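Okay everyone, thanks for coming. Have a look at the model on the screen, and I'll walk you through two spots in it.

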Amino acid sequence: VSVEALPDVGAPSIADIKLDRLTVDPDESAVDEQIMQLASQSKRWEDAPKKHAAATGDLVVMDFAGEVDGKPFDGGKGEDMSIEIGSGRLIPGFEDQLVGAKTGDSRQVKVRFPDEYPVENLKNKPASFAVTVKAVKTAGENKIDDDFAKSLGMQGLDQLKQVLRDQ
């Protein structure tokens with residue numbers, strides 16, 4: 001029988017090691033900017049009047065069915081999809097063609113998938129989407145106050161500011 005034994009290694013002394021915690025105190029404008037970003041991400045959407053034409057910054061709720069070369073493709077169909085016009089989340093040019101749409105409108109949206117699109121067989125291909133606008137919503141005013149901070153789980157605006165300063 002053969003057994004391999006490892007040598008005893010003593011623990012190094014860490015008594016003389018000194019650690020400095022580097023901190024940066026953010027200025028108030030940086031904290032306010034972060035709060036504005038949080039408010040922008042927490043929009044409350046309200047139904048727009050029936051005759052309201054969708055504009056950049058509005059939310060459009062739609063059903064869509066896409067085709068490439070006249071045939072449906074995987075991932076090309078959706079129901080009750082919400083998209084904020086101008087967010088840049090969809091294929092370039094798609095959101096722009098929703099500007100002016102009203103609740104109940106049907107549109108044919110024509111786009112070209114970009115060269116860097118992650119699905120190989122769709123790269124640089126033209127596509128056509130049949131879109132039905134189910135609703136147009138506008139962003140309600142989001143006051144930055146204690147109630148806003150409480151909606152984020154804080155006790156108030158002062159606590160929210162402190163948490164952001166400590167990050």
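Let's start with Arg 107, which sits in strand β4, residues 106-112. Strands here are DSSP runs of E with at least two residues, helices are runs of H or I with at least four, and both are numbered from the N terminus.

Quick housekeeping: this is a predicted model, so local features need pLDDT of at least 70 and side-chain atom pairs count only at pLDDT 80 or more, while totals for chains, interfaces and linings use all residues. Residues are numbered from 1 along each chain as its sequence is written, and side-chain values use heavy atoms, with hydrogens and water left out.

Buried means under 20% relative accessible area, exposed means over 50%, and partly exposed is in between, using a 1.4 Å probe and protein chains only.

Now over to helix α3, residues 157-166, where the buried residues are Leu 157, Leu 160 and Leu 164. They sit on the same side of α3 because they cover an arc of only 60 degrees around the axis, taking directions from the helix axis to the C-beta atoms. Asp 158 and Asp 166 are exposed on the other side of α3.
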